[in-house]
Amino acid sequence: PHQGWYFAARVGTDAYAIAEGVVEFVKDNQGDYGTQLCLRFQDNGLTLYAFYAHLQHVYAWKGQAVRLGERVATTGDTGNALGMAAADEHLHFEIRTQAV
């Protein structure tokens, strides 16, 4: 089953941190998700993870603290999104309870 959401975004669109947090991991073009970033953050006392996939460039690194609204990446067409039609370009985004 598919988890998460697709947000329409042309390749190269800026992606921003949805919360203040710490980068849990960055993966460079691995598997179906391609280039990925995972941000650990707190919400109402819970630790959650914002996961961004199919990225073109990542501007953050593992362990980096980021602010709400800080640019962390640009959208891309990596992983199984490679070669998609312009009309289908998107950011794959999830909120997770575990990083992986």
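What radius of gyration would a compact globule with 100 residues have, and what does the protein chain have? Here are some notes, keeping in mind that this is a predicted model.

1. Let's start with that question. For 100 residues, a compact globule would come out near 13 Å, and the protein chain has 13 Å, so the two agree. If you'd like dimensions, the C-alpha trace spans about 40 × 30 × 20 Å along its principal axes.

2. Next, the secondary structure. Read from the N terminus, the order is simply β-β-β-β-β-β-β-β.

3. Now for how the chain meets itself. Take the contacts between residues at least 6 apart in sequence: 60% of these join residues at least 24 apart.

4. The accessible surface is about 5800 Å², and carbon and sulfur atoms contribute 50% of that.

5. On charge, I'd note 11 negative side chains and 7 positive ones. The centres of these two sets are 5 Å apart.

6. Have a look at Asn29, in the loop between β3 (21–27) and β4 (35–43). Its phi is positive, about 45°, even though Asn29 isn't a glycine. Asn29 counts as partly exposed because its relative accessibility is 46%, and that class lies between the cut-offs of 20% and 50%.

7. Asn44 is also worth a look, in the loop between β4 and β5 (46–58). Asn44 has a positive phi too, near 50°, and is not a glycine either. With 76% relative accessibility, Asn44 counts as exposed.

Technical notes
Residues numbered from 1 in each chain as written. Predicted model: local features only at pLDDT ≥ 70, side-chain atom pairs only at ≥ 80, totals over all residues. Heavy atoms only, no water. Helix = DSSP H or I, 4+ residues; strand = E, 2+ residues; numbered from the N terminus. Rg over C-alpha atoms; globule rule 2.2 N^0.38 Å. Contact = heavy atoms within 4.5 Å. Areas by Shrake-Rupley, 256 points an atom, 1.4 Å probe, with all protein chains shown as cover. Lys, Arg positive; Asp, Glu negative; His and termini not counted. Charge placed at Lys NZ, Arg CZ, Asp CG, Glu CD. Buried < 20%, exposed > 50% of the residue type's maximum accessible area, 1.4 Å probe, protein only.
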